Amino acid sequence: VIADALVVALRTGATGLPAKALQRVWGADRYGTNMAALRAFWPSETVRPYVATALSFPDALSAGTLAARRGEPIVLLGGRFMSPYTREWLVNNEARAADFTIVGGTVALPYLMDWEIEKGLAR
């Protein structure tokens, strides 16, 4: 969570760094923020997202690094559920979501999540 005071300091240069125009991307929770980032930075092109759990950082850290290298987004899922924000994004973007790469074992993301993704994409 980034405090509003820090955002203002970064925008004005009060941190000692050059002033920057910043775009704040946020959501109601980590899943809403994740989907807001997808809408902001991948608004219309075909994507091949990487998927990781949002409940433990090692898998998401590895997936995020690989996704960044490939210029693709990361989709965060709960351990045994898909947030309504993620499901809505899948339903609304099924035509441009080509493939998904799930990062992590079945303890972090059980096979149920594969099914949830496919169901969300109506495939």
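Author: What follows is a tour of helix H2 and the parts around it. Keep in mind that this is a predicted model.

A bit of context to start with. The chain has 5 helices and 3 strands, and along the sequence they follow the pattern α-α-β-α-β-α-β-α. The C-alpha trace spans about 50 × 30 × 25 Å along its principal axes. Of the 123 residues, 35% count as buried. Take the contacts between residues at least 6 apart in sequence: 61% of them join residues at least 24 apart.

Now to H2, which covers residues 30–41. At the start of the helix, a side-chain oxygen of Asp 29 comes within 3.0 Å of the backbone nitrogen of Tyr 31.

Which residues of H2 are buried? They are Tyr 31, Gly 32, Asn 34, Met 35, Ala 36 and Leu 38. Their cover includes strand S2 and helix H4 (84–92), so let's take those two in turn, along with Tyr 31 itself.

S2 belongs to an open sheet of 3 strands, in the order S2-S1-S3 and with parallel pairing. S2 (74–77) and S3 (101–102) are the edge strands; each has a single partner, so one side of each has no neighbour in the sheet. Between S1 (residues 50–53) and S2 there are 4 bridges, and the two run parallel. Within that pairing, Tyr 50 sits opposite Ile 74 of S2.

On the H4 side, have a look at Thr 86, which is part of that helix. Thr 86 has a relative accessible area of 1%, under the 20% cut-off, so it counts as buried. Its side chain makes a polar contact of 3.1 Å with the side chain of Ser 83. Beyond its neighbours within four places in sequence, Thr 86 touches Tyr 31 and Met 35, as well as Val 75, Leu 76 and Leu 77.

Back to Tyr 31, which counts as buried at 7% relative accessibility. The model holds 1 aromatic pair. The pair is made by Tyr 31 and Phe 81: the ring centres are 5.6 Å apart and the planes lie at 75 degrees, so it is edge-to-face. Tyr 31 is in H2 while Phe 81 is in the loop between S2 and H4, so the pair ties together parts 50 residues apart in sequence. Phe 81, for its part, counts as partly exposed, at 38% relative accessibility.

Finally, the nonpolar cores. The largest has 16 residues, and those touching the most other members are Val 51, Val 75, Leu 77, Trp 89, Phe 100 and Ile 117. H2, S2, H4 and helix H5 (111–120) are the elements that give two or more residues to this core. Another core, of 9 residues, lies apart from it, with Tyr 31, Tyr 50, Ala 54 and Ile 74 among its members. As for Ile 117, leaving aside neighbours within four places in sequence, it is in contact with Val 51, Leu 77, Met 82, Leu 90, Phe 100 and Ile 102.

Terms used: Residues are numbered from 1 along each chain as its sequence is written. This is a predicted model: local features need pLDDT of at least 70, side-chain atom pairs count only at pLDDT 80 or more; totals for chains, interfaces and linings use all residues. Side-chain values use heavy atoms; hydrogens and water are left out. Two strands pair if DSSP finds at least two bridges between them. The expected span of a helix is 1.5 Å times one less than its number of residues. Buried means under 20% relative accessible area, exposed over 50%, partly exposed in between (1.4 Å probe, protein chains only). Contact means heavy atoms within 4.5 Å. A polar contact is a pair of N or O atoms within 3.5 Å; within protein, one must be able to donate a hydrogen and the other to accept it, and residues adjacent in sequence count only if both atoms are side-chain atoms. Rings of Phe, Tyr and Trp (its six-membered ring) pair if their centres lie within 6.5 Å; planes under 30 degrees apart count as stacked, over 60 as edge-to-face and the rest as tilted. A nonpolar core is a set of buried Ala, Val, Leu, Ile, Met, Phe, Trp, Tyr and Cys residues joined through side-chain atoms within 4.5 Å.
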